[in-house]
Amino acid sequence: MTAAPPPPASQYAQLTYTSFDDGAGRGGWQVKEVRGDLTTAQRDTLVGRVVTRFDLDPRLPDFPTEAQIAERPSRLAYARMDDAGVFWHTTAAGPDATGRPGNVFAHIAVDRSRVHRPGYRPIRLWGSPDWLRPYRAENVAAARLGTADIPAPGSIITLSSVVRFVTDDAVDRQGVFRVLIDAVTHALEDGPAVVLLTHSHDASAAWIAAVSYLLPPELAGRLGWTTHDRPDQIPAHIDRGTHLIAVPADSVDERTTFGGALVIDENEAPLLGDVGSVHRVARGEVPVSALSTFVEGVLEDEDTAVAVLLRRDEVGLALGGQSTSGAWPLAVAIAENPALDEFHDDALRVVAHDEPADTAALPEVAALIARARKQFPITPDEALAQLRKAVAGQSDPGIPASRFLVAALDDRQWLHTSSFGKLPAVQAVDLSGVRATITSLLADAEKSVDHEPTGTAIFVIRLTILLDQLARHDSEFVEVEAELTRLWERIDPSVIWDTNQQSNLVFIPLGVRAKFVRPSLLRWNRVHLEAFRSPLWNWVFDDGSGRPLEPPANPSNADRRLYPIAVAACLRGTPAGTPDALNLGTEQRQAAVTQAIEFVLEDLTLDDAQARDLTGELTRLEAPAAADLLMWTHEKPRRTSPTMLHDHVFYENPTPDMLYDLAGQPRGVDAAQDALVAAACLRRFHMNPGNIPDPPTLIETVRVCMGDPVGWNRPLAEDLRRMLYAGMLVAQSRAAAFATAGGPADERLTHQRPDTANRLLDLLGILIGRKLLDIGWVAARSYLSQFEHIRIDHVIADDLATEEPWADRLLDEAVQDQRYHGPATADALRDAVWPTLRTVTAADAQDFFAEHPKQASAWLESFKIISPESPLRWLRSREDR
């Protein structure tokens, strides 16, 4: 059962915090009273901002009078927290219950109502009689919150008092005020905090009020401020996001640091600037906004100022939180006021250029907005700035996006020459209102694409980006997209790359790359595409995931054709031979190759030969999983390269089932496939030599495998190397033509010597036992090695590093295991060596026959080989002598 949602928190809450004795023996700093809904965490946060010392001047004497107590200063701070307005009111409270001086009484109020009224600002609570200000321990203990939900506005700060403060003839404040309003506006837009140096507490509150009243209600509600604090509190306020910090001027000297805040003294004479420039003050400078330029007109006289600012509040409240700037509601109020006609042009320019996203709540302003747009048409760059601001502020971007699209389509020069960077993906504009303009632009582009290919390509790219990012993707957009596609098909791809390169290409959205850029690349030949470097291919197939060369999730036909080329180019490296720069791990490389091969096998635009070439290259670059390799070779035998399985079979550890299936594949397709099948057979033979039917089959299998046209660029699998060595020796024993000592096959195999000679000799012993390797030939080589004048051909086994000659080792083992079935008499030895004797000179042959009877007897005796005719026939190795 789903738990019921918690009840909403009360709109208002209050809390007091001070050092007092609660009567139960618990004294010290603690929350005294709470009214309204505040969680423990919220209480802790609120109390955490209380400064538990009050050292603002004028300080009270040790024994103040009642009048001095009543006139002692207070500090008021305000901030927006968790969508609520929070006030911290603190004042000196004298000695606490223990007699320690310096107690502070904090009264905190939370306003969650978000009710804004014309003429109301948070600073209105300055001087409210509802703030608790007890002094002395007994009064602190007795202080209780009143019945009001939140302290009521005081009488000190009003709209009229603000106007009188700024326009006071006795003190020229308008220069500082213009700088201050721009500095605070900049702080609200993530600029630096503002430290205002003042000479009285009332002046601090008046300046905060002046700024608050020139801002529209929504911005004034976001403005965080404090009426006065010591310099050592500035860093804490900056960390909390306080925008305006009033600091007593006499507490600052040349050693004071301000933590990056902009410092303005209320008594300085700033150098004022115009919109687009900066105001300069003693400790910095401030960007000039339109808001400050209206100060002179708004504050012409008190009646005008009050009327204009109240109307500005009405406009601001109607807009809510989606006003694009603090100046726009004020500009409307000025433009509507006949008495301020000399400021109307500046106001109308702001009305046109800073228009909020949605002004439907202000139907009475529609005519004024239309006049402003006509008199001061917005440029595409200005409209784009508004769109970005709306998106950044999480306002509805539909209207500013439409405004930007109209401005851009109406300015062909801007479309041809601008570099607008990355656009926000709004995709909300209805194209029906601009369809005629789009059709005209596309028609002109079709006319110019042949004689102005570069300029037209840039124009089409930018127009495509605009429409893809801004337009609603409905049926109207689909029709426009089809027209754009036809135009892209007439653009030479080299123009796109040569003109833009990566500095501008990066701003082409992912959707445009998928729908337009990738298909356009297919008009290039493969050689040209293979010259692309890895970062560019990664850009082409970027899907926003951050994973390099990620396969397209919903591949188009263009993707299926292009992605395999991209993968091959990236994994192959650049033309200079440097490795790919994508830092792909083995799993990523394998995933990319697997998907690329899938695409190749499905791509009917490639004939079988082309598919075989591409799959072969891909598998050489990174071997996919064995199961996939086997599936592809079974399901698409005509489209898979014979080298697809090459590396896996020649270098890796395929499963027995895989070797069994491969060994059964047909031969005669081409040399590569035949070698692959032969390698699979040899590895199966190694697993079970009983699978070898006869010596000719073994010899032929070795011959075909040795004819592998694919280069062996690293050591083969150890079992394959042993089987090739053993098979080559069998072939040499039978004088197979391809196995000639020093020939290509023999030479190739010398670089693939098995790691351990013993394992090879064990295999040769098995072959002898199965009569696949002729033991008579082994005996003949052992016997002839005793005749220095008889030269015998070198065979591959002669290179093995063994303690005794390899032939002697095999004969010893055969005799010991009673498997010897070779020559056992002098005549039999003569017959065994006869094939070699036929090739020597007559003199050497005569010497051999002269020595043979004695040598044969000695050789037979050394191995303890007894003639079969002997009644005492027995076999014993030399070790048993």
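This is a predicted model: local features need pLDDT of at least 70, side-chain atom pairs count only at pLDDT 80 or more; totals for chains, interfaces and linings use all residues.
**Exercise 1. Work out how helices H13 and H14 are arranged and which residues join them.**

Solution. Step 1: H13 spans residues 344-353 and H14 spans residues 366-375; their axes come within 8 Å and cross at roughly 95°. The axes are lines fitted to C-alpha atoms, for helices over the stretch in contact, and angles run from 0 to 180 degrees between N-to-C directions. Step 2: H13 and H14 are therefore roughly perpendicular to each other. Angles of 65 to 115 degrees count as roughly perpendicular, under 35 as roughly parallel, over 145 as roughly antiparallel, and the rest as oblique. Step 3: on the H13 side, Asp 345, Leu 348, Val 351 and Ala 352 take part, and they meet Leu 368, Ile 369, Arg 371, Ala 372, Arg 373 and Gln 375 of H14. Step 4: sorted by class, this contact of H13 with H14 has 6 nonpolar, 1 polar and 3 charged residues. Ala, Val, Leu, Ile, Met, Phe, Trp, Tyr, Cys and Pro count as nonpolar, Asp, Glu, Lys and Arg as charged, and the others, Gly among them, as polar.

**Exercise 2. Decide how far H13 is enclosed, and by what.**

Solution. Step 1: the buried residues of H13 are His 344, Ala 347, Leu 348, Val 350, Val 351, Ala 352 and His 353. Step 2: that is 7 of the 10 residues, so H13 is largely enclosed by the rest of the structure. Step 3: the cover over these buried residues includes helix H9 (290-293), helix H12 (327-336), H14 and H15.

**Exercise 3. Classify the ring pair of Tyr 563 and Phe 599, then that of Phe 848 and Phe 849.**

Solution. Step 1: the structure holds 18 aromatic pairs. Rings of Phe, Tyr and Trp (its six-membered ring) pair if their centres lie within 6.5 Å; planes under 30 degrees apart count as stacked, over 60 as edge-to-face and the rest as tilted. Step 2: Tyr 563 and Phe 599 have ring centres 5.9 Å apart and planes at 80°, so the pair is edge-to-face. Step 3: Tyr 563 is in helix H25 (residues 557-572) and Phe 599 in helix H26 (residues 586-602), so the pair ties together parts 36 residues apart in sequence. Both Tyr 563 and Phe 599 are buried. Step 4: Phe 848 and Phe 849 are also edge-to-face, at 5.3 Å centre to centre and 75° between the planes. Phe 848 is buried at a relative accessible area of 0%, whereas Phe 849 is partly exposed at 37%. Step 5: Phe 848 and Phe 849 belong to one aromatic cluster with Tyr 783, Phe 787, Trp 859 and Phe 863.

**Exercise 4. Find the ring that lies under the charged end of Arg 714.**

Solution. Step 1: a charge sits over a ring if NZ of Lys or CZ of Arg is within 6 Å of the ring centre and within 35 degrees of the ring normal. Step 2: the charged end of Arg 714 sits over Tyr 651, 4.0 Å from the ring centre.

Definitions and conventions: Residues are numbered from 1 along each chain as its sequence is written. Side-chain values use heavy atoms; hydrogens and water are left out. Helices (H or I, at least four residues) and strands (E, at least two) are DSSP runs, numbered from the N terminus. Contact means heavy atoms within 4.5 Å. Buried means under 20% relative accessible area, exposed over 50%, partly exposed in between (1.4 Å probe, protein chains only).
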